[in-house]
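I opened this notebook to keep track of what I looked up, one topic at a time. The entries follow the order in which I turned to each part.

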Amino acid sequence: SRVVVEASGAALDPDAAPIVCASTPIDTAGFPRRLRLDARINLHATGGGAAGIELVASSDGTTWTTIVAARPLDLRAGQWSTARLLGHYDAQAGEALRLGMRVTRWSGSTDADAHTCLLRAIGGSTDLGHAPFDTTN
């Protein structure tokens with residue numbers, strides 16, 4: 001499995017805890033997978049403060065669960081700030097799965113007036129007894 005999501009947008013309010021770079025459903029039929037995750041977000045802030053950035057997963061695109069804990073991103077007025085998150089997620093065979101990043105406010109009252117993000121997930125079988133292309137799996 002390989003997933004790449006690139007997105008950009010205008011205003012972003014961390015108080016709303018928006019999900020950015022949300023993927024379409026990932027196919028996990030047939031065998032369990034370990035997804036290696038690599039995500040980056042750039043926020044252009046209107047003032048100072050800090051945002052929390054975390055990797056999240058959802059089975060329905062509405063309810064999101066943290067899979068890589070939030071880390072702080074310092075924001076400075078009129079400047080771009082970047083955060084990168086690395087991690088993994090063990091998806092079960094047949095699991096409905098979407099991935100994304102959640103942005104929350106940690107301090108200050110500033111919003112972002114622009115953002116870009118990139119989310120990559122590369123997966124392979126966690127079943128060492130069978131290759132993913134085996135018909136017996």
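I began with T104, which I found in strand β7, and I kept in mind that the model is a predicted one. Is T104 buried or exposed? Its relative accessibility is 18%, and because the limit for buried is under 20%, T104 counts as buried.

I then listed what T104 touches, leaving out residues up to four places away in sequence, and I noted P14, A17, A50, A51, G52 and E54. I also looked up a pair that lies apart: T104 and G123 are 19 residues apart along the chain, and their C-alpha atoms are separated by 28 Å.

**Entry: A17, one of the contacts of T104**

A17 is among the residues that T104 touches, and I located A17 in the loop between β1 and β2. With a relative accessibility of 29%, A17 counts as partly exposed.

Which strands form the open sheet, and in what order? I read the order as β2-β7-β4-β5, four strands with antiparallel pairing. The edges are taken by β2 (19-20) and β5 (65-75), and each of these has a single partner strand, so one side of each is left without a neighbour in the sheet. As a reminder to myself, strands of a sheet pair through backbone hydrogen bonds, either parallel or antiparallel.

Inside this sheet I followed β4 (residues 49-58) and β7 (residues 98-108), which pair in the antiparallel sense over ten bridges. To see the pairing residue by residue, I looked up L55, which stands opposite M101 in β7, and V56, whose bridge partner in β7 is G100.

On its other pairing, β4 meets β5 in the antiparallel sense over eight bridges, and here I53 stands opposite R71 in β5. These two strands form a hairpin with six residues between them, and in the turn G61 has a positive phi of about 80°.

Why do I call β4 largely enclosed by the rest of the structure? Nine of its ten residues are buried, so the strand is largely enclosed.

**Entry: the partners of β8**

Next I turned to β8 (residues 112-125), and I looked for the strands that pair with it. Strand β1 (residues 2-9) is joined to β8 by eight bridges, and the two run antiparallel; V4, for example, has R120 as its bridge partner in β8. Strand β3 is also joined to β8, by 13 bridges and again antiparallel, and in this pairing R33 stands opposite S125.

**Entry: the disulfide**

How many disulfides does a search of the whole structure find? The search finds one, and I identified its members as C21 and C117, with sulfur atoms 2.2 Å apart. The link links distant parts of the chain, since C21 is in the loop between β2 and β3 (33-45) and C117 is in strand β8, 96 residues apart. I reminded myself that a disulfide is a covalent bond between the sulfur atoms of two cysteines. The angle about the S-S bond is 105°, and the link is right-handed.

Both cysteines are buried, and for C21 I noted a relative accessible area of 5%.

**Entry: the chain as a whole**

Last, I stepped back to the whole chain, which has zero helices and eight strands. Its C-alpha atoms fill a box of roughly 55 × 25 × 20 Å along the principal axes, and of its 137 residues 41% count as buried. Among contacts between residues at least 6 apart in sequence, 80% join residues at least 24 apart.

For the surface, I recorded that the chain exposes about 6900 Å², of which carbon and sulfur atoms supply 50%. As for charge, I noted 12 positive and 14 negative side chains, and the centres of the two sets lie 6 Å apart.

Definitions and conventions. Residues numbered from 1 in each chain as written. Predicted model: local features only at pLDDT ≥ 70, side-chain atom pairs only at ≥ 80, totals over all residues. Heavy atoms only, no water. Buried < 20%, exposed > 50% of the residue type's maximum accessible area, 1.4 Å probe, protein only. Contact = heavy atoms within 4.5 Å. Areas by Shrake-Rupley, 256 points an atom, 1.4 Å probe, with all protein chains shown as cover. Lys, Arg positive; Asp, Glu negative; His and termini not counted. Charge placed at Lys NZ, Arg CZ, Asp CG, Glu CD. Pairing = 2+ DSSP bridges. Disulfide = S-S within 2.5 Å.
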